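Open your viewer and get ready to click along.

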2 protein chains.
Amino acid sequence: MEPKGTTIDEQAVNRVRAGLIDALTATRLAEAFAALSDPTRVLIISALLEGELCVFDLAAVLGLSQSATSHQLRILRHLNLVRTRKEGRLVYYALDDEHIRDLFQRGLEHVRHR
Amino acid sequence: MEPKGTTIDEQAVNRVRAGLIDALTATRLAEAFAALSDPTRVLIISALLEGELCVFDLAAVLGLSQSATSHQLRILRHLNLVRTRKEGRLVYYALDDEHIRDLFQRGLEHVRHR
DNA sequence: CCAATGTATGAATGTTCGCTCATATATTCA
DNA sequence: TGAATATATGAGCGAACATTCATACATTGG
């Protein structure tokens, strides 16, 4: 085995590089995780685990302003973490699919497993 | 069923609030997801999926400066996503446990499922 | 011990982000 | 139609973040 010197272990580097996800996927993935990188948005997802809620009630649950709630919901909406259903002047938000639930639970396991 | 008025649906709000995760957990969870909220760190995790790497080779794989790589690794280290093994003057980084792999894969599924 | 190598970290900087405030849009009701 | 309600959004501000640059720390070899 060649000793480590000033030069890079090119063989290992090239092998790893070949298995890397591409830059676009990395960016998309980072965006998805970024959606859950704020305590407020985490709480929104936590609330929606129980079922759909309109913006007004969601704001009440979180003790947050309606404006701030709406801003955060927009982020989650654009990243396809939640979907909307309009009913009169109310807009109900719900988790987009079950993947979100899974992702959230995996995160919880990591946090609680320390 | 009572019509929605200017007041909050207190029953629903209280029920949802009772099921919410607590603020500290929300913060911790947000921090965990924040660890993966940057393309560079996502690529680092992607690289480490193949096995452990020293900082120098990792920087080469990513085409990133050694300093930037080290800064990002510190974040991942402090959030327990990676662990280190020292061997001489080299420090090898590896994924901390299999949960990270799972979390990463779930994220990938979400991104690719759109 | 001294120079070289691998890694870590503090300061500085440009950018992003979350909230508030003000305001706009949409829907219902009188 | 006009007032009230529900939601959305743009501007602005302070905080947090990713990178670079310079430098410090640690380990090995001569």
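Start where chain A and chain B meet: in this predicted model, 2 salt bridges are found across the interface of the two chains. To see one of them, select A:D102 and B:R106, which form a salt bridge whose closest N and O atoms are 2.7 Å apart. Between the two chains there are also 10 residue pairs in polar contact.

Next, colour the helices and strands of chain A.

Now show the whole interface. The area buried between the chains is about 5000 Å², and carbon and sulfur atoms give 70% of it. Highlight A:F33, A:R106 and A:H110: in chain A, these lose the most area to chain B, together 13% of what that side buries.

Leave the interface and look for the sheet of chain A. Its 3 strands form an open sheet in the order β1-β3-β2, with antiparallel pairing. The edge strands are β1 and β2 (82-87), each pairing on one side only. Zoom in on β2(A) and β3(A), which are joined by 6 bridges. One pair to click on is A:E87 with its bridge partner A:L90 in β3(A).

For the last stop, select residues 66-78 of chain A. This is helix α5, which lies across β2 and β3 of chain A, running at about 115 degrees to β2(A).

Note on methods:
Residues are numbered from 1 along each chain as its sequence is written. Chains are lettered from A and ligands numbered from 1 in the order in which they are written. This is a predicted model: local features need pLDDT of at least 70, side-chain atom pairs count only at pLDDT 80 or more; totals for chains, interfaces and linings use all residues. Side-chain values use heavy atoms; hydrogens and water are left out. Buried area is the accessible area (1.4 Å probe) that two parts lose on being put together, summed over both. A salt bridge is a side-chain nitrogen of Lys or Arg within 4 Å of a carboxyl oxygen of Asp or Glu. A polar contact is a pair of N or O atoms within 3.5 Å; within protein, one must be able to donate a hydrogen and the other to accept it, and residues adjacent in sequence count only if both atoms are side-chain atoms. Two strands pair if DSSP finds at least two bridges between them. Helices (H or I, at least four residues) and strands (E, at least two) are DSSP runs, numbered from the N terminus. Contact means heavy atoms within 4.5 Å. Axes are lines fitted to C-alpha atoms, for helices over the stretch in contact, and angles run from 0 to 180 degrees between N-to-C directions.
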